[in-house]
Amino acid sequence: MPHSLLLIGQKGLGKFDLARCFAASLLCESPLADGMACGKCLACNWFAQGNHPDFRLLQPEALSEDVEAEDGKKKPSQQITIDQVRSLDEFFNVGTHRGGLRIVLVNPTEAMNRNTANSILKTLEEPSPSTLFLMVSSEPMRLLPTIRSRCQVVPVPVPLVKVAARVLADEGVERAEHWLALAGGAPGLAVDMANSGQNAWLDLLVSRLGAGRAADPLGMATELEKALKDSKGRLLLKQVVEAFQKWMVDLNLARNGLPVRYFLQHQAKISGLADMIPPARLIQSYRAAINRRQEAEQPLNARLFLEGLFLEYRALFAN
Ligand SMILES: [Zn+2]
């Protein structure tokens with residue numbers, strides 16, 4: 001076993017659950033014949049309760065279930081902090097409690113700034129014995145190359161549609177095909193989207209983008225900014241930008257006479273819009289949208305950001 005594995009793949013595939021299951025099976029004291037954790041031994045109990053002494057989960061405070069953003073309180077961090085990484089020193093300096101592996105699960109790995117990443121890199125370069133790092137990332141291209149190169153990369157593929165559809169059926173989600181398309185085939189993301197009951201913003205975005213030349217960029221920015229505010233942190237600007245990017249991908253596909261990938265029920269509308277845009281302009285704009293995805297992580301001003309995005313969009317349809 002290498003001392004660090006990097007699980008990569010798009011969001012919503014279940015990489016984190018996979019990493020947790022794998023960690024549980026490695027720490028379990030009597031794994032089942034198929035390698036899965038037994039779920040009954042002392043180690044499994046500790047693991048389930050989140051207090052196995054040889055396991056550490058490193059994730060942004062905002063991802064912890066017991067942290068709720070409350071009005072007036074400081075927002076929980078979206079980043080893994082350097083203090084969290086430093087607190088591992090103590091973990092590494094004592095022997096493992098159960099004489100087996102010591103496992104650190106990092107989720108998501110891209111939620112570390114350069115300093116934090118460099119700090120964890122020291123440990124990756126000189127691993128303490130019997131330590132395993134499980135690093136999860138939906139955006140591996142954003143990781144420091146030095147981090148990527150220290151890990152064995154494990155690509156997690158998009159499942160077959162019929163397999164993914166079963167996951168949605170188990171969760172009681174109807175119109176599986178529709179949600180899977182929107183989620184790029186990732187079942188976890190599709191379930192989240194279907195069950196969130198908070199897709200009004202997406203319907204709004206799609207209907208406004210569908211207006212093409214008649215779109216009102218400043219009005220759209222105002223509406224989406226309001227949706228962001230009203231969501232109290234449940235909707236992030238980057239999700240809006242991701243949806244916008246998907247719309248741009250579909251426009252590009254339609255411009256090339258191909259079926260759309262994400263917005264299945266809007267095929268006809270998207271094809272009609274695509275025919276109005278010069279191809280070169282469309283490709284250029286798609287590239288710009290990719291860059292914007294990164295800026296959306298920490299925009300200075302959401303309203304201005306959205307206005308810029310939508311002004312560019314409407315310019316696609318200019319004569
Ligand atoms: Zn067990």
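Reader: Which residue's backbone nitrogen does the side chain of Ser137 reach?
Author: Look for a polar contact: a pair of N or O atoms within 3.5 Å. Within protein, one atom must be able to donate a hydrogen and the other to accept it, and residues adjacent in sequence count only if both atoms are side-chain atoms. At 3.1 Å from the side chain of Ser137 is the backbone nitrogen of Glu139.

Reader: What kind of model is this?
Author: Residues are numbered from 1 along each chain as its sequence is written, and side-chain values use heavy atoms, with hydrogens and water left out. Local features need pLDDT of at least 70, side-chain atom pairs count only at pLDDT 80 or more, totals for chains, interfaces and linings use all residues, and the model is predicted.

Reader: Where is Ser137 placed?
Author: Helices (H or I, at least four residues) and strands (E, at least two) are DSSP runs, numbered from the N terminus. Residues 131-137 form one such run, and Ser137 belongs to it. The place is strand S4.

Reader: Is Ser137 buried or exposed?
Author: Buried means under 20% relative accessible area, exposed means over 50%, and partly exposed is in between (1.4 Å probe, protein chains only). Ser137 has a relative accessible area of 0%, so the residue is buried.

Reader: Leaving aside neighbours within four places in sequence, which residues are in contact with Ser137?
Author: Contact means heavy atoms within 4.5 Å. With those neighbours set aside, the list for Ser137 is Leu6, Leu7, Ile8, Gly9, Lys15, Thr109, Glu110 and Leu143.

Reader: Which residues are the protein donors of the zinc ion?
Author: Donors are N, O and S atoms within 2.8 Å of the metal (3.2 Å for Na, K and Ca). Water is not among the atoms, so sites may look incomplete. Here the SG atoms lie 2.2 to 2.3 Å from the zinc ion, and they belong to Cys28, Cys38, Cys41 and Cys44.

Reader: What arrangement do the 4 donor atoms make around the zinc ion?
Author: Four donors count as tetrahedral if all angles lie between 85 and 135 degrees. Four count as square planar and six as octahedral if opposite donors are over 155 degrees apart and all others between 65 and 115; anything else is irregular. The angles here are 105 to 116°, so the arrangement is tetrahedral.

Reader: How many disulfides does a search of the whole structure find?
Author: A disulfide is a covalent bond between the sulfur atoms of two cysteines. The test is a pair of cysteine sulfur atoms within 2.5 Å. The number of disulfides found in the whole structure is 0.

Reader: What is phi of Arg175?
Author: Most residues other than glycine have a negative phi. Arg175 is not a glycine, yet its phi is positive. Arg175 is in the loop between helix H7 (161-170) and helix H8 (176-182). Its phi is near 55°.

Reader: What kind of pair do the rings of Phe244 and Phe310 form?
Author: Rings of Phe, Tyr and Trp (its six-membered ring) pair if their centres lie within 6.5 Å; planes under 30 degrees apart count as stacked, over 60 as edge-to-face and the rest as tilted. By this rule there are 7 aromatic pairs. One of them, Phe91 and Phe92, is tilted, at 5.7 Å centre to centre and 45° between the planes. For Phe244 and Phe310, the centres are 6.3 Å apart and the planes at 70°, so the pair is edge-to-face.
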